[in-house]
Amino acid sequence: MAYDSFNILKSTAVPLPIENVDTDQIIPARFLKATERVGFGDNLFRDWRYNADNTPKADFVLNDPTYRGKILVGGKNFGSGSSREHAAWAIYDYGFRCVISSFFADIFRGNCLNIGVLPVQVSAEFLERIFAEIYANPDTELEVNLPEQTVTLLATGEKESFEINSYKKGNMTNGFDDIDYLLSMKSDIEEFSKTLPL
Amino acid sequence: MSKTLFDKVWDAHVVRKIEGGPDVLFIDRHLIHEVTSPVAFLGLRNRGIRVLYPERTFATADHNTPTINQDKPVQDPLSANQLKALEENTKAYGIRHWGLGHYKNGIVHVIGPENGITQPGATIVCGDSHTSTHGAFGAIAFGIGTSEVEMVLSTQCIMQPKPKKMRITINGTLGKGVLPKDVALFIIAKLTTSGATGYFVEYAGNVFEQMSMEGRMTVCNLSIEMGARGGMIAPDQTTFDYIEGREFSPKGADWDKAMAYWKTLKTDDDAVFDKELVFDGSEIEPMITYGTNPGMGIGITSDIPDAEQVEGGKATYEKSLGYMGFHEGEAMVGKKIDYVFVGSCTNGRIEDFRAFASLVKGKRKADDVTVWLVPGSHVVEEQIRKEGILDILTEAGFTLRQPGCSACLAMNDDKIPAGKYAVSTSNRNFEGRQGPGARTLLASPLVAAAAAVTGKVTDPRTLIQ
């Protein structure tokens, strides 16, 4: 189904400077039992965010009112492990529209793009700068500009460009999804299926 | 132009290339299960569209199913609801469904090959990252998200940029007690969990050529744990012998036609890879992990490395060891174990139970260890009985559970309690993977067997002849 379009996002950001954040951390398997896409944000980072008795862990960033915003900034190799799209749903449902990291796992990156969360890969150096700025001033704003493919620290003007293929960029800026595209070429697919080697 | 095995299979399935974008890839076989499919079916319903080729999709229930009392109603209402949704959805859309209780039920990546659904040269996807398993047959197989499950159901295609190509060659002789799982954990430790991200891997060399199909499946299964979308091995006589005669394998003239095609599926001599890695098989020891990702593995007789010796940030490393309750420089051998789990799409096949049984034969289960032995399918379970393995296990004090994903991801009741240590033949040692607070040590079925009879991390080579 089509999702909200994404053009320019200006927001404060939430820092999570941990490497190899896997999708089991983003949403543990025991919260994958729904048959509809609702409520996953409540369990985003469940076991880092809550104690076993469901009381919030004060030292986890999502429980710290100092940090908030629509951008999540994670350490290197964000989203590794399980292919569960629920991880991307949880991030979206919680209110994030963009994840910034210096490296993303493939399936997670694809899942984000398919549901309207923009994964933005920056250099390790720029990622460090972003973390440093957020920690120095939690109210600092970032601008993620998809048409220009740039991310900017607004306080200092430091800017870096990021990659996204033009097809996916078009989808994100227009709020289209792949299924719309594939359905439009159904007769080509049916013809192609007759030419398979086996 | 010279092509790799991967190129040959990928290129044969490209319906359309989008300028500056992904390829539209035709999918031959689609496997679904109860957890990642319901929202995809909801999408079909919302759009009012049908499944394009229902005969190309196969459904099983495995992720949240219980591994005891499968003949009784599922107790957890949420799990029961997902199982019911799968049953109703597959019925409504005319998809073959081997649900809980069906004699063909089992873990999706075990039953695909078992039934001849997995074939060389095919494109295979499933809403599960360990779909890479099927690459063992020379198929392009990888995990997808639920949006993509909906794409495959509705159009039999997905949109993917073509990955880069990596070849990992291992020649040499594997040492005593070294299993395919050790080979895979060795590679992941060398590459780290992101070392193959962006690549599709081909495994080559005599170590893989000499492996059984079960062993090749274990290796390809773990490709995702180094970030690769998938891994594959060129089909050969071992592959063809495995496939022949299975329910969905080609028969008669179709078999001859398939064989003629399958024999072309190998990398041309002068084909070029984006990256080539070569390792010596004789260097590989039985492996074990000590941290919270599958790249944190070492030879079982090694000590836990210092932070300076590993790639990545010190804070992340310390967080990981802190979770495990381990310290830099400690030996793994001798660490006390509370649980042993043998099963999963990584090591839940007949060969894994043969290996486990070969070590525990004539010994006794350690008293203070809880052992969960979970076959990957009913077919594996049946084979365990037929081959007399169950008698060996029973004699040694073990019991067998019923098939499913079980404690690998602990969606059902098979959860390792907080703080407890488990030697597991599964694929992920992430924080909380086997239950909130659970501490997982990934290893081969032989290392699991050694832990099961000694109650601690033990080098299996000290227990086998």
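## A one-sided helix in chain A

In helix α5 of chain A, the residues A:Leu127, A:Ile130, A:Glu133 and A:Ile134 are buried; a residue counts as buried if 20 or more other C-beta atoms lie within 10 Å of its own, as exposed if 12 or fewer do, and as partly exposed in between, with C-beta atoms placed from the backbone. An α-helix has 3.6 residues a turn, so residues three or four places apart point the same way. On the face turned away from the buried side, α5(A) carries the exposed residues A:Ala124, A:Glu125 and A:Ala136.

The helix itself runs over residues 124-136, and its 13 residues reach 18 Å from first C-alpha to last, close to the 18 Å expected at 1.5 Å a residue; that expected span is 1.5 Å times one less than the number of residues. What covers its buried residues? The cover includes the chain A strands β2 (13-16), β3 (71-74), β4 (98-101), β6 (142-145) and β7 (150-153). Helices (H or I, at least four residues) and strands (E, at least two) are DSSP runs, numbered from the N terminus.

## About the model

This is a predicted model, in which local features need pLDDT of at least 70 and side-chain atom pairs count only at pLDDT 80 or more, while totals for chains, interfaces and linings use all residues. Residues are numbered from 1 along each chain as its sequence is written, and chains are lettered from A and ligands numbered from 1 in the order in which they are written.

## Chain A as a whole

Chain A has eight helices and eight strands. Its radius of gyration is 18 Å, close to the 16 Å that the globule rule gives for 198 residues, so chain A is as compact as a globular protein of that length. The radius is taken over C-alpha atoms, and the rule is 2.2 Å times the number of residues to the power 0.38. Along the principal axes, the C-alpha atoms of chain A fill a box of roughly 60 × 45 × 25 Å, and 45% of the 198 residues count as buried.

An unreviewed UniProt entry places the feature "domain: Aconitase A/isopropylmalate dehydratase small subunit swivel" at residues 6-124 of chain A; positions are given in the numbering used here, feature names are shortened, and annotations may be inferred rather than shown by experiment. Over residues 6-124, the chain is 24% helix and 17% strand, with its end C-alpha atoms 25 Å apart.

## Two positive phi values

A:Phe45 is not a glycine, yet its phi is positive, near 50°. A:Phe45 lies in the loop between α1 and α2 (46-49) of chain A and counts as buried, with 22 C-beta neighbours inside 10 Å.

A:Gln149 is also not a glycine and has a positive phi of about 55°. Its place is in the loop between β6 and β7 of chain A, where A:Gln149 counts as partly exposed with 14 C-beta neighbours inside 10 Å.

## Meeting chain B

How many residues of chain A are in contact with chain B? There are 49, and they touch 63 residues of chain B, contact meaning that C-beta atoms, placed from the backbone, lie within 7 Å. The largest share of this side of chain A, six residues, comes from α4(A).

Within chain B, helix α5 (residues 146-155) is mostly covered, with 10 of its 10 residues buried. α5(B) is followed by B:Gln156, whose phi is positive, near 60°.

Notes
Contact = placed C-beta atoms within 7 Å.
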